[in-house]
Amino acid sequence: MQKIQAQGVHHITLIGADRQTSIDFWEGVLGMPFIFEQPNLDVPAENHLYFDPGDGRLITVFTNEKRQPDPTPNPEGIGNLHHVAFNVSRATYTQVKKRLDERGISNSGEVDRGFMYSIYFRDPLGQLYELANYKFDPPPGVSHAEVLLLAHKLRTERGDYNITDEHLADAIEMFIQRTASTLSDDRSPKDPYGRK
């Protein structure tokens, strides 16, 4: 039997309340352009809204004017969605807590995950979201996932509890040594200051 090979997230669909709550959250809080709308083709009484999270993929929401927002946190059980994380730039990330606070949106404040920084908050329907910012940029031609895989291997070889900046920096250096050519015969660390 052959695998069915995934090549990325196509879209994520959520069940929303009324139409305007979804627009106000996805576009009005998270800045995702509202790009498309049509009836839910499986449930004619519902509407289907489409938002662009910034990478050309889609976040879609089924809405129904009879449903009212309920901020009760969504259940956290086996098989249930825990949270959805969105990537933000460092410049945006440094403003997230302030901007959420200004709107009275409760949030976790900054959380250091070893390889990224995160802030968590809930939408008006009780779903948990994360805004994340990687601590590193991968070398050209290398993905974030490839750097994380190598950093994980370095971490486990060293017996360290979690990924840290050191594992990331060492993984990036190793990728550059593998992918970037040089005229030097010896690429080992040097001391150009003449110290012993």
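Predicted model: local features only at pLDDT ≥ 70, side-chain atom pairs only at ≥ 80, totals over all residues.

User: How much space lies in the largest pocket, and which residues are closest to its centre?

Analyst: Rolling a probe the size of a water molecule over the atoms shows where empty space is left. A pocket is an open set of points on a 1 Å grid over the protein atoms alone, where a 1.4 Å probe fits, with protein on both sides within 12 Å along at least five of seven lines; lining residues have an atom within 4 Å of a point. The largest pocket holds about 460 Å³ of space (the volume filled by probe spheres set on the points, which are joined across faces, edges and corners). It is lined by 16 residues, and Val9, Asp55, Ala85, Phe86 and Asn87 are the closest to its centre.

User: Which element gives the most to the lining of the largest pocket?

Analyst: That is β5, with 4 residues. Strands here are DSSP runs of E, at least two residues long, and helices are runs of H or I of at least four, numbered from the N terminus. By class, this lining has 11 nonpolar, 3 polar and 2 charged residues (Ala, Val, Leu, Ile, Met, Phe, Trp, Tyr, Cys and Pro are nonpolar; Asp, Glu, Lys and Arg charged; the others, Gly among them, polar).

User: What is the strand order in the open sheet?

Analyst: Two strands pair if DSSP finds at least two bridges between them. The order of this 4-stranded open sheet is β1-β4-β3-β2, with mixed pairing. β1 (11–15) and β2 (34–39) are at the edges with a single partner strand each, so one side of each has no neighbour in the sheet. β1 and β4 run parallel, joined by 5 bridges, and His11 stands opposite Leu58 in β4.

User: Is Thr21 buried or exposed?

Analyst: Buried means under 20% relative accessible area, exposed over 50%, and partly exposed in between (1.4 Å probe, protein chains only). Thr21 counts as buried because its relative accessibility is 18%. Thr21 sits in helix α1 (residues 19–26). Leaving aside residues up to four places away in sequence, Thr21 touches Pro69 and Pro124, where contact means heavy atoms within 4.5 Å.

How values were computed: Residues numbered from 1 in each chain as written. Heavy atoms only, no water.
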